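Open the model in the viewer and keep the sequence panel beside it. The stops below are given as selections, one after another.

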Amino acid sequence: MSSVPGEVAVEPGGWILAAEGPSAVPDGRPVSGPTCVHVCAEVAAGGLVVRHWRAGDRIQPFGMRGHRKLQDVFVDRKVPRDERPQVPLVCAHDGTVLWVVGHVLSERARVTGRSSGVVVLKIWRRVSARRPL
């Protein structure tokens, strides 16, 4: 479990994940990219868990009504089977997958006009383990 704000090393892969905030909801569109996302502060309030994929994990992708298996997300995004165990997942304290790093943000993490604030999640690899996402 990682508190917000905070920073944690994620192994394997040599990742560093930082959570900044909470801060005010930004004017305009929240950031969403492969290495930096804004998530609703309420979902991060109980702390965040960073872990790796397990068989059966599911996510409700941003903008979708239903849930998808992460295995299907990986297949659709052509993530090689041997790399899937190294993709970090950021989860809410209750285990709900919020962000498949580099790939998919959850609908549950959506920042709206009713959000009390945002938490900015950023991830990068340590210099010694440099590889593109």
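Select Lys122 and Glu20 and show their side chains: the two form a salt bridge, with the closest N and O atoms 3.5 Å apart. Lys122 belongs to strand 10 and Glu20 to strand 2, so this pair ties together parts that lie 102 residues apart in sequence. The model is a predicted one.

Now colour by accessibility. Lys122 has a relative accessibility of 31% and counts as partly exposed. Glu20 is partly exposed as well, its relative accessible area being 35%. Both values fall between the limits of 20% for buried and 50% for exposed.

Next, select Glu11 and Arg126. These side chains also make a salt bridge, and here the closest N and O atoms are 1.8 Å apart. Which parts of the chain does the pair of Glu11 and Arg126 tie together? Glu11 sits in the loop between strand 1 (6-10) and strand 2 (15-23), while Arg126 is in the segment after strand 10 (118-125), so the link joins parts 115 residues apart in sequence. Glu11 is partly exposed at 46% relative accessibility. For Arg126 the relative accessible area is 33%, again partly exposed.

Move to Asp76 and Arg68. Their side chains meet in a salt bridge at 2.7 Å, N to O. Asp76, with 47% relative accessibility, counts as partly exposed. Arg68 is partly exposed too, with a relative accessible area of 24%.

How many salt bridges does the model contain in total? The count comes to six, the pair of Asp76 and Arg68 being one of them. Side chains of opposite charge can pair when their charged atoms come close.

Four strands make up an open sheet in the order 4-7-8-9, and their pairing is antiparallel. Which strands stand at the edges of this sheet? They are strand 4 (48-52) and strand 9 (104-105); each has a single partner strand, so one side of each is left without a neighbour in the sheet.

Zoom in on residues 88-92, which are strand 7. Strand 7 runs antiparallel to strand 4, and five bridges join the two.

Note on methods:
Residues are numbered from 1 along each chain as its sequence is written. This is a predicted model: local features need pLDDT of at least 70, side-chain atom pairs count only at pLDDT 80 or more; totals for chains, interfaces and linings use all residues. Side-chain values use heavy atoms; hydrogens and water are left out. Two strands pair if DSSP finds at least two bridges between them. A salt bridge is a side-chain nitrogen of Lys or Arg within 4 Å of a carboxyl oxygen of Asp or Glu. Buried means under 20% relative accessible area, exposed over 50%, partly exposed in between (1.4 Å probe, protein chains only).
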